[in-house]
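Hello,

Here is the structure I said I would pass on. My notes on it follow below.

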Amino acid sequence: MTSKEMEARSGVPRANIRYYEAEGLLTPARAKNGYREYSEEDLALLEKIKLLRRLGVGVEELKALRAGSASLPDVLDHRLAELGGQRDTLARVEQVCGNLRQAGETFDTLDAGQYLAALDAPALPQPGEGAWWKAPAVPPLPESDALPICTSIPRRLFARLFDELLTSMLLIAALALAGHNPALVNNTLLGLAVQLVILFVEPLLIHLSGTTPGKALLGLRLEGPGGEKLTYVEGFTRHLLMLWGGVGLGIPIWSWVQMFRSAKRCMDGEPQPWDVDVAYETRPFRLRRLAAIAAAAGLILLAGETANAWSQLPPNRGELTVAEFAENFNRQADYMDMDFSGQRLDETGTWEDRPYDGALYLTAFSDWGTGKNVPFAYTVEDGRLTKLTLSAEMRNTEEWLSLPTGEMAVAAASFAWARKDAPFWPKERRALLAALDGGEPFALRHGDAVVSLDIDQEGFRNTDMGFMIPEEGREENRIAFTFTITLEE
């Protein structure tokens, strides 16, 4: 029979059954698939255990009975002697309490000494009739006859969320340090990667240390029924069962159903299906644990933001030649996922077509009549690049125009961000990119570099979508822009 059938027929909860197995009192057979197969003999043995435990026989005495090193009469004689002592103590308490009641004492006049002496007397006469107390009901199975579990929803939830946060930040940092833009990562793929990493790493951590970073911060530790470490396979199987029974594999609606069931089991004090053979060591919760996990989460986020900020920096820093700027530009264009109609800058800073690598590019010509992209102009002093200019002009056109903000953004990321005194954290970098997206004239200082955009237009109107449209009814119009990055002396 299965565990569920064993529970139904014996009336013993599965948590207690697992505990008796951990103590060596029950040894069910195992099927080929690893599941337990209980026999009628196992059921009869469990009923014996249930009876004797409810009579107050200790687990160690049950082990001795199973091993044959103790006899049932001897064990029962020992238990009867314990019960006799408890009964005598209770009778003494009853008599002293009755005498105190009949004496009509008040709290102020109570002479406690004589009654304490009566309680500690070596013997008592037979109790009289008319006892007003009621005998206790037949005791249930002791609460200690079950593997310790954790039913705290906040602890389990925040431990899991912390481990997922740590894993996701490590993956993002690895991508950033490898030169990839974390902002371009598909969130669904990242989430799957996080779960895949945890699936293989968490069982190893539990096998080696019995815990994970999130569980450790919240005072949780896992071990086998007998106090031994979980094997890697046991931890791996446990995590697979949790993914299905705890979060429903992330399947819409079904995941919410499974999470509700898991929360309900916690509220009912029941073990989770993936924890039936796991003993939890739960340390007392203190506010410092909450502060520790908040501080640790903050440090993780800071480390992730640091890696992200570092990955945004171009490969060449400090004083640049035109060739170094071109190398920076091509790298930053790849990082920001901009293909510029399949073109890149050569060593002289001139646009050229990329070598064919099998990739397909959307080819378009610049709105400004300059080929595929607007060319850069460079000011070089003593071999070092001191000024970068991107400019164009259109007259008497009916075309809708848009500023080449992509080229401007990548140029700023390649030249202004390369300055050694440029701000490290992305906040000020985002401010610069936001100014470019606005399509309005601006001037911003970025370290010792001044980034500016000037627009001179006549006969054009701007739209919310970033286009500049010729005004109707005008025969002549003109528009020009100049984007510069200038180093201050």
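**Strands and sheets**

Strands β7 (residues 376-381) and β8 (residues 384-395) pair in the antiparallel sense, over six bridges. Strands and helices here are DSSP runs numbered from the N terminus (E, at least two residues, for strands; H or I, at least four, for helices), and two strands pair if DSSP finds at least two bridges between them. The model is a predicted one: local features need pLDDT of at least 70, side-chain atom pairs count only at pLDDT 80 or more, and totals for chains, interfaces and linings use all residues. Residues are numbered from 1 along each chain as its sequence is written, and side-chain values use heavy atoms, with hydrogens and water left out.

The bridge partner of F376 is L390 in β8. β7 and β8 form a hairpin with two residues between them, and D382 in the turn has a positive phi of about 55°.

An open sheet is formed by three strands in the order β9-β13-β12, with antiparallel pairing. β9 (401-402) and β12 (460-462) are at the edges with a single partner strand each, so one side of each has no neighbour in the sheet. β9 pairs with β13 (residues 467-470) over two bridges, and L401 stands opposite M468 in β13.

**Helix α13**

Helix α13 (residues 322-335) has 14 residues and should span 20 Å at 1.5 Å a residue; the expected span is 1.5 Å times one less than the number of residues. The end C-alpha atoms of α13 are 20 Å apart, which agrees. Among the buried residues of α13 are V322, F325, F329 and Y335, where buried means under 20% relative accessible area, exposed over 50%, and partly exposed in between (1.4 Å probe, protein chains only). The buried residues of α13 pack against elements including α12 (287-311), β7, β8 and α14 (405-415), with contact meaning heavy atoms within 4.5 Å.

**Y38**

Y38 lies in the loop between β2 (36-37) and α3 (40-54). Y38 is buried, at 4% relative accessible area. Leaving aside neighbours within four places in sequence, Y38 is in contact with M1, T2, S3, M6, I17, R18, E21 and P28. The side chains of Y38 and R18 are joined by a polar contact of 3.3 Å (a pair of N or O atoms within 3.5 Å; within protein, one must be able to donate a hydrogen and the other to accept it, and residues adjacent in sequence count only if both atoms are side-chain atoms).

Regards
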